[in-house]
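This report looks at one helix, its surroundings and its packing partner. Please keep the structure in view while reading.

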Amino acid sequence: MKQTEKKENKRRKGLIFVMLLALVVALAFGGYTFSKYITTKQQSGQAQVAKWGFKISVNAADLFGKNYIWNNGKNGSIVTNDTDKNKVTVQAAADNTNNVVAPGTKGSMTFKVEGKAEVLAQLKLGLSGVKDIVLKISKGGTDYEYYPVKWTLTKVGVTAPLVNGGKLSEVATKLNDVTAEWNRNINVNTDITPEKYDFTLSWEWAFDGSAVPADLTALGLKADVLDTILGYLMNGTTVDDICAQLGLNSTEYTIKNTDSVLKTEFKLDIEVVQLQKH
């Protein structure tokens, strides 16, 4: 009996030893995870869209119109929405879809650029497609030109006009000048608002004849005659009829109706674009 118990005790001790040995092996080779080589690095990133804050403003409501009304303060007839024939001084015919200009009328428009951005940019101003109203006439083989509509360009902060009573083509030359301060690169985060890129473009067809050049005045051709010739040409009146109506000798004066321009027009281009590099 005792012999049997001894054997049983040995078997139990052996079993316990085996289990302990198995546990040691498991811990040593299978379950132990706290000792190993490791290299780590983390990096995050975030960004937002760069700001673009340039603003272009243009107001051409008073530039040209189909109706004009006398304004004492401006000493001339300006664009109006009033169509009352008892009030207006100039009115386009019902079948005329175009704006009109005439002696004694005037108009203006404003445009400006302001703001800043978080990117390099370029500002460009200019006029294209420019046409000046002009009457071309000759006498004795000498050519003469009459530009009745005079244009003025001013800039806020500059005392003297950039163009004073000149041709529209002169305004184009001034604005299109690539060396002008308004045709420039704008560095990042540079606010151009203090530069006052704020312009007024105005025009006037003088009623008093002050637009007649000296050479035409020397010929004895007054503004009334020259202006009337333009009006007749726009009406489709023949050159012979014009001369007859105005008492001009058609063999002495040659009205160049095909070379004269009876319409003024232009396209104002204002652009602020991002640049990729300086």
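Helices are DSSP runs of H or I with at least four residues, numbered from the N terminus. The model discussed here is predicted.

## Helix α4 and its end

Helix α4 comprises residues 223–235.

## Buried and exposed sides

With buried taken as under 20% relative accessible area, the buried residues of α4 are A223, L226, D227, I229, L230 and L233. These residues cover an arc of only 150 degrees around the axis, and therefore lie on the same side of α4. On the face turned away from that buried side, α4 carries the exposed residues D224 and N235.

The cover over the buried residues of α4 includes strands β7 (135–139), β8 (142–146), β12 (197–205) and β13 (253–255), together with helices α3 (214–218) and α5.

## Packing against α5

Helix α5, formed by residues 239–246, packs with α4 at an angle of about 145 degrees, the two axes being 10 Å apart, and the crossing of the pair is right-handed.

From α4, the residues V225, T228, I229, Y232 and L233 meet I242, Q245 and L246 of α5. Sorted by class, this contact has six nonpolar and two polar residues, with no charged ones. Both I229 and L233, which take part in the contact with α5, are also among the buried residues of α4.

How values were computed: Residues are numbered from 1 along each chain as its sequence is written. This is a predicted model: local features need pLDDT of at least 70, side-chain atom pairs count only at pLDDT 80 or more; totals for chains, interfaces and linings use all residues. Side-chain values use heavy atoms; hydrogens and water are left out. Axes are lines fitted to C-alpha atoms, for helices over the stretch in contact, and angles run from 0 to 180 degrees between N-to-C directions. Helices (H or I, at least four residues) and strands (E, at least two) are DSSP runs, numbered from the N terminus. A crossing is left-handed if the near helix is turned anticlockwise from the far one by less than a right angle, and right-handed if clockwise. Contact means heavy atoms within 4.5 Å. Ala, Val, Leu, Ile, Met, Phe, Trp, Tyr, Cys and Pro count as nonpolar, Asp, Glu, Lys and Arg as charged, and the others, Gly among them, as polar. Buried means under 20% relative accessible area, exposed over 50%, partly exposed in between (1.4 Å probe, protein chains only). The arc is that of the directions from the helix axis to the C-beta atoms.
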